[in-house]
Structure formats: structure tokens, C-alpha cells
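Please keep the sequence and the 3D view at hand while reading.

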Amino acid sequence: MKKINFQDKSAEKIYHSYIRRIDRTLSVLPKSDKIDLLMEYNSHIYEGLQSYGHKSEVERLLQITQNLGDPEVFLKPLVAERKLIQATKTFNPKHIFQAIFLNIGNGFVYSLFALLYLCLFSFLFLIITKILYGTQVGLYINDGKFVALGILDVGPGDIEVLGSWFIPVLLISMVLLYLLITFLLKAMKRK
Amino acid sequence: MEDDFVRRWESQVKKGTLAFILLNILRDNEYYGFELMEQTRRLTDIQIAEGTLYPLMNRLKKENLVSSKWVEQESGIPRKYYKLTGNGISTLKIMVEYWKKLEESIDKII
């Protein structure tokens, strides 16, 4: 992208800092989308500078950026929406994670997603602890009732039921949970 | 309190009709972003939140209502021109019809 040239050093600083803020806010978007939007804001600033011709560079630039507003605010809905589209297309955990957290402000249901995602990571954590600590990790029941899924200081009557199936069962649950989150996100997007 | 309510309502109305306004402005001409914003201000007296213009145009493009092209300028800073697509023109017709009906209905009760 061709940068705008300024005579005034302060104006140049303000300009670069504003463009950096847009760039940073858009960092989660695919590169081509990011460049396209950056170029568009750059063009807006340039055209604005030409049209408010009679004032100083700093004054004109400040008026333009003030009218545009804070990039973190005006770009948030776009970034959140784009991330959601990307997440449901790619199945990439990084994108899904970002999509959920960017959309948490957009309704209760995304908090639920966050919770499901947390569950997913706890399962992973449990698998690792099972490998490291073996016997104290499992699915415990006592007298037919659920006691704990996780790490337990085993008491009288507590029975671990999964045994060597613990890791495979958790792995399958993780896959199912992951698919559930992704398909629910897709369903949300269609609404 | 009432003032607050009215302000919030006004901002909701503006937000809800902005796409409709922009599509109408693009009906007869193609414009680049800054020009589109100035036209909106000149023709409607509506001050749009300028930063939100581009994400909105982006959305209209994704919905295949407008198309855009970058046009190189002597300054080296290109302009992105927007125009209505065929789908945009027919969608706008439906929107205008709906708007007129809405206007009539509201006129009856106010």
C-alpha cells in the first residue's frame, strides 16, 4: 500500500499511528482482506485531506480521524463476523477459538460456546494427567452414582469405571464436542 | 430519560436504514467511498458514522448487491468505486416498494 506523504512531522506521526491501529485490529483477517480494507481507509484519509484543503495538515487529519472514529470500535463487528465465517469454513481450532471470543459480546449463546470449548481443553488436560499420573485419574462412581471425572483422591467405595478406555473415550468425546461446536457455529451463521 | 430513549431509537433507525440509503444513492452513479459519504451527507442531511461505511459496503458486496473496482489515480493512492449489481438493482426495487408501503401504513396512524 502506498503511504500518504506529509510535510508536517506531527501529522505524519498521527497518520502512521492511526493506520497501525487499523492494521492491528484487522490482524485476524486473511491478508488480502486486510490489505483491501487498509487501502480503503488510506484512500478515505487521502481524499479527506484534499477536500478539507484550507486548514493545516494536522487539523485536517484530526478532523478525518475523528469523523472516522476508533478503529477498534468500528471494525469490531466486521472482524467478529469474518472470523466466524472463516472458523466454520476451515475447522481450524485457532480460528474457532478467536471467533467464539470475538463474538462473546454478541449474545449468550457464544458464552455457551466458550464453555464447550473450555470443556474440550479440560478433556485434553485430563488425558495428559492420565498419562502422567495414571491411577488417580478417571471416571469415578460410587454406589452407582457419578462422583467425578478427573483427578480424585480416591475414597472408600469409589470405583474407576473406564480403566484403559479412559483415553480413547475422552479422545472420542473431544472429537464429538469439536464437531458439535463447529456445526452449531455453522447453524448460527445461517440464521 | 425520554431524550435518551429517542436518541437510541434514532440511532437504531439510522443504522437500520443506512444500507437502504446507500443503495439508493448508488442507483444512478458509481462512487468511491469518500464521495459516497459526501453524497449521503449532501442529499440526506444524515451524518453517517464514517468508520462503519466500509465494513457496511463490504457486507453489501458479500451479499452481491454492489460490486467494486480499484481505479488507479495519479497520486498513487487508488480509489475504490462502488456500483449496484443487477441483483442490487432488483433488490433495491423491492426495498423501495416495501418502504413506500411502510410509509403509507405509518402515515395512517400518526
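Ile141(A) stands opposite Phe146(A) in β2(A). The strands β1(A) and β2(A) pair in the antiparallel sense over six bridges. Here two strands pair if DSSP finds at least two bridges between them, and helices (H or I, at least four residues) and strands (E, at least two) are DSSP runs, numbered from the N terminus. This is a predicted model, in which local features need pLDDT of at least 70, side-chain atom pairs count only at pLDDT 80 or more, and totals for chains, interfaces and linings use all residues. Residues are numbered from 1 along each chain as its sequence is written, while chains are lettered from A and ligands numbered from 1 in the order in which they are written.

The turn of this hairpin has two residues between the strands. Asp143(A) sits in the loop between β1 (137–142) and β2 (145–151) of chain A. Its phi is near 60 degrees, a positive value in a residue other than glycine. Most residues other than glycine have a negative phi. Is Asp143(A) buried or exposed? Asp143(A) is exposed, because 8 other C-beta atoms lie within 10 Å. A residue is called buried if 20 or more other C-beta atoms lie within 10 Å of its own, exposed if 12 or fewer, and partly exposed in between, with C-beta atoms placed from the backbone.

Chain A as a whole is divided into domain 1 (9–74) and domain 2 (87–190), with bounds that come from an automatic or database domain assignment. The C-alpha centres of domain 1 and domain 2 of chain A lie 43 Å apart. For chain A, an unreviewed UniProt entry lists residues 108–133 and 165–185 as "transmembrane region". UniProt positions are given in the numbering used here, feature names are shortened, and annotations may be inferred rather than shown by experiment. In the model, residues 108–133 of chain A are 100% helix and 0% strand, with end C-alpha atoms 37 Å apart. Residues 165–185 of chain A are 95% helix and 0% strand, and there the end C-alpha atoms are 30 Å apart.

Chain B comes next. Its secondary structure comes to four helices and three strands, and along the sequence the pattern is α-β-α-α-β-β-α. The C-alpha atoms of chain B fill a box of roughly 55 × 35 × 25 Å, taken along the principal axes. Of the 110 residues in chain B, 20% are buried. For residues 22–92 of chain B, an unreviewed UniProt entry gives "domain: Transcription regulator PadR N-terminal". Over that stretch, residues 22–92, chain B is 51% helix and 20% strand, and the end C-alpha atoms are 10 Å apart.

The three strands form an open sheet in the order β1-β3-β2 (chain B), with antiparallel pairing. Its edge strands are β1 (31–32) and β2 of chain B, each of which pairs on one side only. Between β2(B) and β3(B) the antiparallel pairing runs over six bridges, and Ser67(B) stands opposite Lys83(B) in β3(B).

Asn64(B) lies in the loop between α3 (50–62) and β2 (66–71) of chain B, and it has a positive phi of about 60 degrees although it is not a glycine. Asn64(B) counts as exposed because it has 12 C-beta neighbours inside 10 Å. Glu72(B) is in the loop between β2 and β3 (79–84) of chain B. With 9 C-beta neighbours inside 10 Å, Glu72(B) also counts as exposed. Glu72(B) and Glu103(B) are 31 residues apart in sequence and 42 Å apart in space, C-alpha to C-alpha.

How many residues does each chain bring to the contact between them? Chain A gives 19 residues and chain B gives 15 residues, where two residues are in contact if their C-beta atoms, placed from the backbone, lie within 7 Å. On the side of chain A that touches chain B, the elements that give two or more residues are α2 (31–51), α3 (57–68), α4 (71–74) and α5 (76–90) of chain A. The largest share of that side, nine residues, comes from α2(A).
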